[in-house]
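Student: I have a model open and want to learn how to read its features. Can we go through them one at a time?

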Amino acid sequence: MKATSEPIFTSGFPLGSSAGLVTAFEWLGQPYRLTRVDMLGEMRTEAYKRLNGRVETPVLITDEGRVLTETIAIALWLEGRDTERRISFEPGTPQADRMHQYLAFLNTGFTGAFYPMWVALEAADATEGEKETLRKFGRSFVALRHEQLEAMIGDSDYLLGNEPTLADAVFAGVARWADFHQAIEPRDYPRIRALRQRIEADPAFRFALAVEDGKPGGGNGAMKGLVPLEDVLRNASRALAA
Ligand SMILES: N[C@@H](CCC(=O)N[C@@H](CS)C(=O)NCC(=O)O)C(=O)O
């Protein structure tokens, strides 16, 4: 894909986990652009499949025009650009290892726990009984992962100390799914609840949600503009054809 002036990141809606990494882009503060992706509509087109054959968000078009998918790959791309260590730690340090551990847990066990509940919602051909079974297992997976995360969290304001990092961003993008699915009782996990409240009050996260809702405003100025998805897809297919 043709080189762009700024990287372009997807904001998947409704309720995309990408809101977490949008928050990270804001915290990082380097110029970037966003493209909104309707995950129930235009994400399911052939054109989008050329961007991500697994038909998912998030996707990053790097400043060199490369297409990068998968939350962890994009988080590590951000880490590589975070030379001022605003949202990450010097690679090779114990804190960096611990942040990677959180990222991996959040992107696998924690995120994956919600999948049965999404399937119950979206599986058009499932019977009511099958859906109830999925919801039952989903609730117990989500509760288990919350218990485990609650036990991992210390006394600091954020997952890795008193400043937010990529791990907090990825956490926030997904943790809100618990409300949507009414999967757990938030009061049972006071550290997770406090962390969520802290991040959800943060202007960067609020900006990410505003973009999701189609009303971008209130960002810190790092986001240099919204790019229509059709432009992103057109440029991507030109690059693939070249
Ligand atoms: N392994 C992928 C999973 C991403 C993922 O689950 N994306 C969801 C949205 S948050 C998605 O696009 N789901 C497809 C759908 O909604 O049909 C990653 O970590 O980036």
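Student: What covers the buried residues of α10?

Tutor: Start with the terms. Buried means under 20% relative accessible area, exposed over 50%, partly exposed in between, with a 1.4 Å probe and protein chains only. Contact means heavy atoms within 4.5 Å. Helices (H or I, at least four residues) and strands (E, at least two) are DSSP runs, numbered from the N terminus. Here the cover of α10 includes β1 (8–13), α1 (18–28), β2 (32–38), α7 (166–175), α9 (190–200) and β5 (223–226).

Student: How should I treat the model itself?

Tutor: This is a predicted model: local features need pLDDT of at least 70, side-chain atom pairs count only at pLDDT 80 or more, and totals for chains, interfaces and linings use all residues. Residues are numbered from 1 along each chain as its sequence is written, and side-chain values use heavy atoms, with hydrogens and water left out.

Student: How many residues of α10 are buried?

Tutor: A general point comes before the count. An α-helix has 3.6 residues a turn, so residues three or four places apart point the same way. Helix α10 spans residues 203–212, and seven of its ten residues are buried. They are A204, F205, F207, A208, A210, V211 and E212.

Student: What happens at the ends of α10?

Tutor: At the N-terminal end, D202 is the cap. One of its side-chain oxygens lies 2.8 Å from the backbone nitrogen of A204. Just after α10, G214 has a positive phi of about 80°.

Student: Is S18 buried or exposed?

Tutor: S18 sits in helix α1. Its relative accessibility is 1%, so S18 counts as buried. Leaving out residues up to four places away in sequence, S18 touches F9, T10, S11, G12, T57 and P58.

Student: Where is V227?

Tutor: V227 is in the loop between β5 and α11 (229–241). V227 is buried too, at 12% relative accessible area. Beyond four places in sequence, V227 touches I8, R33, L34, T35, R36 and V232. V227 and A24 are 203 residues apart in sequence and 19 Å apart in space, C-alpha to C-alpha.

Student: What does the radius of gyration say about the whole chain?

Tutor: It is taken over C-alpha atoms; the globule rule is 2.2 Å times the number of residues to the power 0.38. For 242 residues, a compact globule would come near 18 Å, and the protein chain has 18 Å, which agrees. The chain has eleven helices and five strands, and 48% of its residues count as buried.

Definitions and conventions: Polar contact = N/O pair within 3.5 Å; in protein donor to acceptor, adjacent residues only side chain to side chain.
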